[in-house]
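Dear colleague,

Please find below the structure that I am handing over to you. My findings follow directly after it.

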Amino acid sequence: MDDVIGVAMVMDDVRGSSEDPEEPIVRWTCQPMRVTTYATFVKLAGRSFHSVMSTKLPHFAEGEVVKGFGRGSKELGIPTANYPESVVDNLPKEMPLGVYYGWGSVDDGEVYKMVLSVGWNLYYKNTKKSMETYLMHTFNEDFYGSKLKVVMLGYIRPMKDFSSLDELVKAIENDIYVAKQKLDQPENLKYKTNNFFSPSGGKGNEEAETNGPSHISR
Ligand SMILES: Cc1cc2nc3c(=O)[nH]c(=O)nc-3n(C[C@H](O)[C@H](O)[C@H](O)COP(=O)(O)O)c2cc1C
């Protein structure tokens, strides 16, 4: 069959670069594409998203835990640790908003599995972009003011709006399930012992040199 030249709607590679909460979270652009089948088109569009992620992950972040709105533990039963604006602002602009999985530690302590959201919390109509981490461990008390280190290794899904609190909780529980499985895979497990988590604090880049590009926000 001859190639078909068509205009395809593809996910914009700079999704999430705007600080304006009114901007659409997913932007689409029209791009001419030469494809023979619909299956090829789907593969190509998916690859464009994948290539953005592979240049941005792993992402290492470090900062002090600040107070959020406190709804994570009260309303959701899923306590989250918030980063200050400075850390959020240092995220590479091209990094898509959404839910990520990886590893995290508090005050250079044990390294736990984590899920992390980057976005405006559509459900709560937040106007400020936030980075919220849920560490898979039961802590006896709050740790505001402590140092939180995370390495983001993979992307799970975009941020969504939900019609009920119950749906939001179910979505986060599913994220936790997905993250647990992914983090047991050898290519992700190895980051648990990355030098970045040691008290002397490597920048995370030592490992990344052999595993592709890396970025850190503090
Ligand atoms: C893994 C994870 C996924 C999340 N996904 C969404 C989402 O899809 N939509 C949304 O509005 N908020 C999402 N959130 C953010 C929660 O709404 C947020 O943690 C909650 O508002 C508590 O924030 P607070 O403690 O600052 O009040 C997510 C949070 C986490 C940790």
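Gly-102 stands opposite Met-152 in β8. The strands β5 (98-106) and β8 (147-157) pair in the antiparallel sense over 8 bridges, where pairing requires that DSSP finds at least two bridges between two strands. Strands here are DSSP runs of E with at least two residues, and helices are runs of H or I with at least four, numbered from the N terminus.

Please note that this is a predicted model: local features need pLDDT of at least 70, side-chain atom pairs count only at pLDDT 80 or more, and totals for chains, interfaces and linings use all residues. Residues are numbered from 1 along each chain as its sequence is written.

The strand β5 also pairs with β6, again in the antiparallel sense and over 8 bridges. In β6, Val-111 is the bridge partner of Ser-105. β5 is mostly covered, with 8 of its 9 residues buried. A residue is called buried if 20 or more other C-beta atoms lie within 10 Å of its own, exposed if 12 or fewer do, and partly exposed in between, with C-beta atoms placed from the backbone.

The hairpin of β5 and β6 has 4 residues between the strands. Among them, Asp-107 has a positive phi near 50 degrees, and Asp-108, in the loop between β5 and β6, has a positive phi near 60 degrees. Asp-107 is exposed, because 12 other C-beta atoms lie within 10 Å. Asp-108 has 14 such atoms within 10 Å and is therefore partly exposed.

The largest nonpolar core has 30 residues, of which Met-114, Val-115, Leu-116, Val-150, Val-151 and Met-152 touch the most other members. Such a core is a set of buried Ala, Val, Leu, Ile, Met, Phe, Trp, Tyr and Cys residues joined through C-beta atoms within 7 Å. At least two of its residues come from each of β3, β5, β6, β7, β8 and α4. Leaving aside residues up to four places away in sequence, Val-150 touches Ala-61, Gly-102, Trp-103, Gly-104, Met-114, Leu-116 and Thr-133; contact means that the C-beta atoms, placed from the backbone, lie within 7 Å.

Turning to the ligand, 23 residues surround it, and the closest are Gly-68, Phe-69, Arg-71, Gly-72 and Tyr-123. The largest share, 4 residues, comes from α4. The shell divides into 12 nonpolar, 7 polar and 4 charged residues. Ala, Val, Leu, Ile, Met, Phe, Trp, Tyr, Cys and Pro count as nonpolar, Asp, Glu, Lys and Arg as charged, and the others, Gly among them, as polar.

Two loop positions remain to be mentioned. The peptide bond from Leu-57 to Pro-58 is cis, with omega near 5 degrees, and Pro-58 is found in the loop between α1 (38-56) and β3 (59-64). Gly-201 lies in the loop between α5 (186-189) and α6 (205-209). Its C-alpha is 9.7 Å from that of Lys-149, at a sequence distance of 52 residues.

For the protein chain as a whole, the secondary structure comes to 6 helices and 9 strands. Buried residues make up 27% of its 218 residues.

With kind regards

Notes: Near = placed C-beta within 6 Å. Contact = placed C-beta atoms within 7 Å.
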